[in-house]
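Subject: Structure handover

Hello,

Here is the structure I said I would pass on. My notes on it follow below the entry.

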Amino acid sequence: MKALDTITAAVVVADFKRSRHIETDETADDALLEGLLAAAQAVVETGTNRPLTARSVEITFRAVGGLRWWFPCAPVDAVTKIEWQDGSTWVGLPLADVALEQGDDEPQLVFASGFWSSVSDGAAMRVTAEVGADEVPQPLREAIILIAGDWYEAGINPDKDKREMVSFGSRILMRQSRYSRPVEWAAA
């Protein structure tokens, strides 16, 4: 899954400072805190399969001819484009022949009967979709703050130290919100 636009911060520096009782007019570490919060957000999003802020993404997968395909993340608000690869060319497919169902909980594309007649079995498929929450769930905001706070106190720089040191409490918060698709493809 590739983000097609800038990812908005789920927790801003001012909110982090308030949660840690750091003076908001003290700005010496703001760039470091932005980096820590962005890295912590990436850890939480990867750990939960939940984009926390709205964005456009592109997802590539292989066609197997099923009538239902589950997204690898939730929530999904809309599908804006679907294509398949014919040799080296991407060919657009009609959006009228697909429907997004259960976008908030268990997002899946349902393909119309006959949809696959023009697509080679095993062909690369590409879906462009709008994903992410309108509002960041509070437990996941807390997980970001906990992770970034731990890293800040430990002196970890997200640009230099690529360790994903995550506390037990943060792992629990992420596990409670983790999205896991039930299947990838289904016949009906």
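Which domains does the domain assignment give for the protein? There is domain 1, made of 2-51 + 135-157 + 164-177, and there is domain 2, which covers 57-131. Please keep in mind that this is a predicted model. The C-alpha centres of domain 1 and domain 2 are 32 Å apart. To the contact between them, domain 1 gives 6 residues and domain 2 gives 9 residues.

Helix packing

I looked at two helix pairs, and α3 takes part in each of them.

The pair α2 and α3 consists of residues 30-48 and residues 138-154. Their axes are 8 Å apart, and the packing angle is about 130 degrees. Angles over 145 degrees would count as roughly antiparallel, and α2 and α3 are therefore oblique to each other. Their crossing is right-handed. On the α2 side the contact is made by L32, L33, L36, L37, A39, A40, Q41, V43, V44 and T48. On the α3 side it is made by L140, A143, I144, I147, A148, W151 and Y152. By class, this contact of α2 with α3 has 15 nonpolar residues, 2 polar ones and no charged ones.

The other pair is α3 with α4, the latter being residues 168-177. Here the axes come within 9 Å and cross at roughly 150 degrees. That angle is over the 145 degree cut-off, so α3 and α4 are roughly antiparallel to each other. The crossing of α3 and α4 is left-handed. From α3, the residues in contact are P139, L140, E142, A143, L146 and I147. From α4, they are S170, L173, M174 and S177. The contact of α3 with α4 divides into 7 nonpolar, 2 polar and 1 charged residues.

L140, A143 and I147 of α3 are listed in the contact with α2 and also in the contact with α4.

Strands

An open sheet is formed by 4 strands, with antiparallel pairing, in the order β6-β7-β3-β9. At its edges are β6 (98-101) and β9 (185-186), each of which pairs on one side only. Between β6 and β7 (residues 108-111), which run antiparallel, there are 4 bridges.

β4 spans residues 76-86 and β5 spans residues 89-92, and they pair in the antiparallel sense over 4 bridges. E83 is opposite G92 of β5.

Backbone details

The peptide bond between A74 and P75 is cis, with omega at about 0 degrees. P75 is in the loop between β3 (68-70) and β4.

H21 has a positive phi near 55 degrees, in a residue other than glycine. This residue, H21, sits in the loop between α1 (13-19) and α2.

That is everything I have on this one for now.

Regards

Methods:
Residues numbered from 1 in each chain as written. Predicted model: local features only at pLDDT ≥ 70, side-chain atom pairs only at ≥ 80, totals over all residues. Heavy atoms only, no water. Axes fitted to C-alpha atoms, helices over the stretch in contact; angles between N-to-C directions. Parallel < 35°, antiparallel > 145°, perpendicular 65-115°, else oblique. Left-handed = near helix turned anticlockwise from the far one by under 90°. Contact = heavy atoms within 4.5 Å. Nonpolar A, V, L, I, M, F, W, Y, C, P; charged D, E, K, R; others polar. Pairing = 2+ DSSP bridges. Domains from an automatic or database assignment.
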